[in-house]
Amino acid sequence: RTGWAISQTLREKVQAHPRIRLIEAHMAVDLIVREGRCVGAYVMGPDAQISTWQAAAVVLATGGFSWAYLHATHSQVASGDGAAMAFRAGCRLADLEFNQFHPTCLYHPGHPPLLLTEALRGEGAYLLLPDGHRFMDRFDPQLELAPRDRVARAIDHEMKRLGVDHLYLDISHRPAEWIQTRFPSLYQACLKAGFDMTQAPLPVVPAAHYTCGGVWVDDQGQTDLLGLYAIGETACNGLHGANRLASNALLDCVVTAGEVAAHIETLDLSHTDASALPLWDPSRVCSASEAVMVMHNWHELRATLWDYVGIVRSDDRLAKAQARIQLCQKECDQYYSKYHLTPDLVEYRNLVHMATLIIQSAQFRRESRGLHYNRDCPDLDTGLNGQHTWIQKDWKGPRYSSALEG
């Protein structure tokens, strides 16, 4: 509700501002870089035509890349677009192995995601196996009140052990009137989806929720390219570490956006003639006769990351994921070079790039820390305290670097 109130207020003020032009139903395809500076972007309109947009400053605020996973609390728009564009433009990305999974998302395949707040467990909800037994006592002395990463790992372990696609969250032992009063919005949302939380347990599955890593930025939100900024979940500014606390995301968005705005005011905003920027050249591609490759590979990519690069990882799982994603990457590159772009192809291409980088970052970190848990190196490496995993296009692979180096 807090996030909704902030975004709704901001939207109303933007729409009412005489010097702000809000353009919807458009999609950025790639950034335009000249002499180490971001000077604009190629943008796809509703008619799928791509135009050249010039800008003295560009701010990436496209969210994270939770949609790379089969189960996510976000919609399809969280496809890593900003981070992928920044990487292709030459920026460093950081900490991509730290993906937060919310333990309890309503399991309702084919329907929009519905996050079941941790407050349910805080108010006494139990996690149950399909046979109705509780299981958290085997994983943590705090039971259902354990930190969300431990709860998510416990659910993931039991799902894999039993070969099931969901477990259950039960608060129906509390009085119905109390539930409806304490969780009015969630109660109505579940009821609309066909589940009465006052009468029966809710089917749940962990879901990709928040990306702690992203485009590396400094205290003013600047990336490695002059004139290019990143804020919110798109950025990695170190505020979330390896395991984000829930409320920090709102603080991050509000504070860093203000810092970026203040820094942009100090720039030389003299505009380059837009006609001097290179135009998008569609002359060497044609229209695809069918889109089955994109949709099939999109599902395969999300399933691969969910199974092999999810809550619990291993060297073998990561290697299997790398082999499969490499095939997706090759097919995507071939498809991208032959056919006109569509919104689905743009998002899929970005997800393929981000999936590749997530796997490389996870393989590189030889410890378990925060949201990254590898069974083959389960211990914390205290020598890596304060160090980030950085990856950049012109490097051979990830590397560790201290935040102080940036």
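Which residue forms a salt bridge with Glu144, and how far apart are the closest N and O atoms? Keep that one in mind; the notes below get to it in point 2.

1. What you are looking at. This is a predicted model, where local features need pLDDT of at least 70 and side-chain atom pairs count only at pLDDT 80 or more, while totals for chains, interfaces and linings use all residues. Residues are numbered from 1 along each chain as its sequence is written, and side-chain values use heavy atoms, with hydrogens and water left out.

2. The opening pair. Glu144 has Arg134 as its salt-bridge partner, with 2.7 Å between the closest N and O atoms. The two sit 10 residues apart and link distant parts of the chain, both of them in the loop between β7 (126-128) and α4. Helices here (H or I, at least four residues) and strands (E, at least two) are DSSP runs numbered from the N terminus. A salt bridge means a side-chain nitrogen of Lys or Arg within 4 Å of a carboxyl oxygen of Asp or Glu, and that rule gives 18 of them. In general, side chains of opposite charge can pair when their charged atoms come close.

3. Glu144 is buried, at 4% relative accessible area, whereas Arg134 comes out as partly exposed at 38%. For the labels, buried is under 20% relative accessible area, exposed is over 50%, and partly exposed is in between (1.4 Å probe, protein chains only).

4. Glu158 forms a salt bridge with Arg138, and the closest N and O atoms are 2.8 Å apart. This one also ties distant parts of the chain together: Glu158 is in helix α4 and Arg138 in the loop between β7 and α4, 20 residues apart. Glu158 is buried, with a relative accessible area of 0%, while Arg138 is partly exposed at 47%.

5. Glu367 and Arg365 form a salt bridge with 2.5 Å between the closest N and O atoms. Both ends are covered: Glu367 is buried at 0% relative accessibility, and Arg365 is buried at 1%. Salt bridges that share partners join Glu97, Arg365, Glu367 and Arg369 into one network.

6. What lines the largest cavity. The lining is Asn99, Gln100, Phe101, Asp149, Ala152, Arg153, Ile311 and Leu371. Both β6 (99-106) and α4 (148-162) supply at least two residues each. By type, the lining has four nonpolar, two polar and two charged residues. The sorting counts Ala, Val, Leu, Ile, Met, Phe, Trp, Tyr, Cys and Pro as nonpolar, Asp, Glu, Lys and Arg as charged, and the others, Gly among them, as polar.

7. A nonpolar patch on the surface. Ile6, Leu250, Val254 and Val255 make up this patch, with about 310 Å² of accessible area together. Helix α7 (residues 248-264) gives the most, with three residues, and Val254 is in that helix. Patch residues have over 30% relative accessible area and no salt bridge, with nonpolar side chains (Val, Leu, Ile, Met, Phe, Trp, Tyr) joined within 5 Å and like charges within 9 Å. The areas come from the Shrake-Rupley method with a 1.4 Å probe, and for residues only the protein chains shown count as cover.

8. Two backbone spots to check by eye. Ala48 has a positive phi near 70° without being a glycine; Ala48 lies in the loop between β2 (37-44) and β3 (50-54) and is partly exposed at 33% relative accessibility. Asp95, also not a glycine, has a positive phi near 60°. Asp95 is in the loop between β5 (93-94) and β6, and is buried at 4%.

9. Sequence versus space. Thr342, in the loop between α9 (315-338) and α10 (343-364), is 315 residues from Met27 in sequence, yet their C-alpha atoms are 9.9 Å apart.

Note on methods:
On a 1 Å grid over the protein atoms alone, a cavity is a set of points where a 1.4 Å probe fits but cannot get out, and a pocket is an open set with protein on both sides within 12 Å along at least five of seven lines; lining residues have an atom within 4 Å of a point.
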